[in-house]
There are 2 protein chains.
Amino acid sequence: MAQVQVAVHPAEVNPAKLPGKRVVMFDVLRASSTIVTALAAGARGIVPVVEVDEARAQAKAYGPGTLLGGERGAKRIPGFDLGNSPLEYVGQVVRDRIIVMTTTNGTKALARGAGAREILVGCLLNAPSLADYLAASPGGDILLICAGVRGRIALEDILGAGCVVSLLERRGMEIEGDGAFLAAQVYFMYRDDLAAAMGTFEHGRRLLELGFGEDIAYCAQKGPLAVLPRLEGGIIRVGDGHVW
Amino acid sequence: MAQVQVAVHPAEVNPAKLPGKRVVMFDVLRASSTIVTALAAGARGIVPVVEVDEARAQAKAYGPGTLLGGERGAKRIPGFDLGNSPLEYVGQVVRDRIIVMTTTNGTKALARGAGAREILVGCLLNAPSLADYLAASPGGDILLICAGVRGRIALEDILGAGCVVSLLERRGMEIEGDGAFLAAQVYFMYRDDLAAAMGTFEHGRRLLELGFGEDIAYCAQKGPLAVLPRLEGGIIRVGDGHVW
């Protein structure tokens, strides 16, 4: 049976051990939640890039109709079509569109997964679908990577990963290491009121100060979106089946 | 009032923010506990080095009577006088001696503190003394660094840091960030039986397999040693007063 590990900080990821692994990136507030929401709303794909200049260049390369999304300091980047609030990514804006996206933490954390057998995007919104998929897929250890915020851990990412760990544990998968154990504990500690908990964490408090309280309430929902975002060939699309 | 932060992984430490900070390194199983024990038993000082060859060279430089201590893969290094079990570091062996020491995680984590105003070594054994000292010292934010194991987090280090966080919080110090909040939660979760908890964590289980169960029981004791190990000029000695 496949093992489930959690990197509570991206620096825990050992690139040499990625081949063969299935990786899920968690940036619950807000990149992962925004990506899941955009794909659920019919976006054709999300192109994650690390730098702002690179985002502009990629949007040009993808051609007219491509949207630019993302944040720096939690705020929309000047000249971009969209920020990093999932509530902006509604069907009438994003349907059938390619979105080139750069965020402070999430897009960097995705790059950490390079070399893995499969790279998925996870958050609370799609946690049950993700667990269904991972439990049903054959083989390959699972590594859930918590993106964190500006080089430090973020409890909401550990919470999101812990939700998936707890769902996989119930299906008999083996939880390996202190990170996965800790993430499951954090989830159990806060599961009765995820939104309230997220509002007390460091990054949640900052988003509340900036007026993004609705984002927190939205991102704290467990399971409403049955979307499996998969990064392949530089673009994140809806994965509708197993990759092998 | 000074703030208290915790880096649950050494990669969270931002070297640019170290000047002015008071840093404490936690490698509870076992480097920190061994250093505290050796100093309590009368060792003159511990010279922490990262590489085995460097340890041999330093021991030669310090001259006859210098002891070599440390581990690789939790086991004593060939030709070394001592391993990394605190129970080996008794008075009749270490009194008045300089010990050059290299361990897989602890000595590397100490190097992460370079540039801080003060670098101390912490574990459960000296947690209350450490909290007394930090609460009584004037100014300077406090950063507790969890060493982890081979690049991954270790719950026993988070537990040790959390013990000090909880003691400082009671004295009215401000807990800053998700790391410190999480560490305090982990400590509260396990404080009623620290030894049993440590035996269930990843690194504790490995030490049990290797026959180091007594080390775990010893390192899980909260507060028996009133020792304040301070790294200064490349050597860790007993700090008997404030440094500024």
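**Exercise 1.** In which helix of chain B does B:Ser129 lie, and is B:Ser129 buried or exposed?

*Solution.* This is a predicted model, in which local features need pLDDT of at least 70, side-chain atom pairs count only at pLDDT 80 or more, and totals for chains, interfaces and linings use all residues. Residues are numbered from 1 along each chain as its sequence is written, and side-chain values use heavy atoms, with hydrogens and water left out.

Step 1: B:Ser129 lies in helix α5, residues 127-136 of chain B, where a helix is a DSSP run of H or I with at least four residues, numbered from the N terminus.
Step 2: B:Ser129 counts as buried because its relative accessibility is 16%, and buried means under 20% relative accessible area with a 1.4 Å probe, protein chains only.
Step 3: Leaving aside neighbours within four places in sequence, B:Ser129 is in contact with B:Leu225, B:Ala226 and B:Val227, contact meaning heavy atoms within 4.5 Å.

**Exercise 2.** Describe how chain B and chain A meet.

*Solution.* Step 1: In chain B, 24 residues are in contact with 24 residues of chain A.
Step 2: The two chains bury about 2000 Å² between them, 59% of it on carbon and sulfur atoms; this is the accessible area (1.4 Å probe) that two parts lose on being put together, summed over both.
Step 3: B:Glu12, B:Asp178 and B:Leu182 lose the most area in chain B, together 29% of what that side buries.
Step 4: Two salt bridges are counted between the chains, each a side-chain nitrogen of Lys or Arg within 4 Å of a carboxyl oxygen of Asp or Glu; one of them joins A:Arg152 to B:Glu176, with the closest N and O atoms 3.5 Å apart.

Notes:
Chains are lettered from A and ligands numbered from 1 in the order in which they are written. Helices (H or I, at least four residues) and strands (E, at least two) are DSSP runs, numbered from the N terminus. Buried means under 20% relative accessible area, exposed over 50%, partly exposed in between (1.4 Å probe, protein chains only).
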